[in-house]
Amino acid sequence: MTSPLPLRFRRSDWLALGLTALAEHGPAGLTIEALCRRAGKTKGSFYAHFPAIEVYLAALAGHWRETHTHRLMQEVDKGGPAPDRLIALDRMALALDIRVEQGMRRLAQLDPGVAATCAEVDRERVGYLEKLHGESGRFTPPEALALARMEYAAFIGFQQLDLGLSPQELHACYGTFMRLLVRSKGD
């Protein structure tokens, strides 16, 4: 059972609602009308926070970046050696709703501002993985970068390909890939 929506909708409520709508309906769920209907609010409530849908979509992409990238990195950086932090990052990333990532990628095809945010997020994520692989002491800098790129490409690829798998099956498949990768590192 979902919790009731707050009486007074704040900017953060609109953004959280947008990620849910994106996960459930893709970019089509992000019209002002659809969002207001979902929130049980008027367009005036929406416009009090966002003067135009383009402003909202930019804010939504920024919110996604914060919640699905920066917060994970901050949590992972709280401690432990690099290999443990890589495992923690994998667990947190796999716990995210992949439908949000899929929706954001589809939205990026329609909106240049969202596309720019997605490209920045991709660079940040690869850079962070490169840093952790480098800190592990097991790889040269070029190897750490190559491994980060391959790992991230697999992460995104598993989400974007239509393999006929449920989100749980996709997570399990990616988890297997990561376990095999860890096993092969020592070879």
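Tutor: Accessible areas here come from the Shrake-Rupley method with a 1.4 Å probe, and for residues only the protein chains shown count as cover. On that basis the protein chain exposes about 10,100 Å², of which carbon and sulfur atoms supply 59%. The model is predicted, so local features need pLDDT of at least 70 and side-chain atom pairs count only at pLDDT 80 or more, while totals for chains, interfaces and linings use all residues. Residues are numbered from 1 along each chain as its sequence is written, and side-chain values use heavy atoms, with hydrogens and water left out.

The protein chain has nine helices and zero strands; helices (H or I, at least four residues) and strands (E, at least two) are DSSP runs, numbered from the N terminus. The C-alpha trace spans about 60 × 30 × 30 Å along its principal axes.

The helix to look at is H4, residues 53–76. The expected span of a helix is 1.5 Å times one less than its number of residues.

Thr 69 is buried, with a relative accessible area of 2%; buried means under 20%, exposed over 50% and partly exposed in between. Leaving aside residues up to four places away in sequence, Thr 69 touches Trp 64, Val 121, Glu 124 and Arg 125, a contact being heavy atoms within 4.5 Å.

Key:
Buried < 20%, exposed > 50% of the residue type's maximum accessible area, 1.4 Å probe, protein only.
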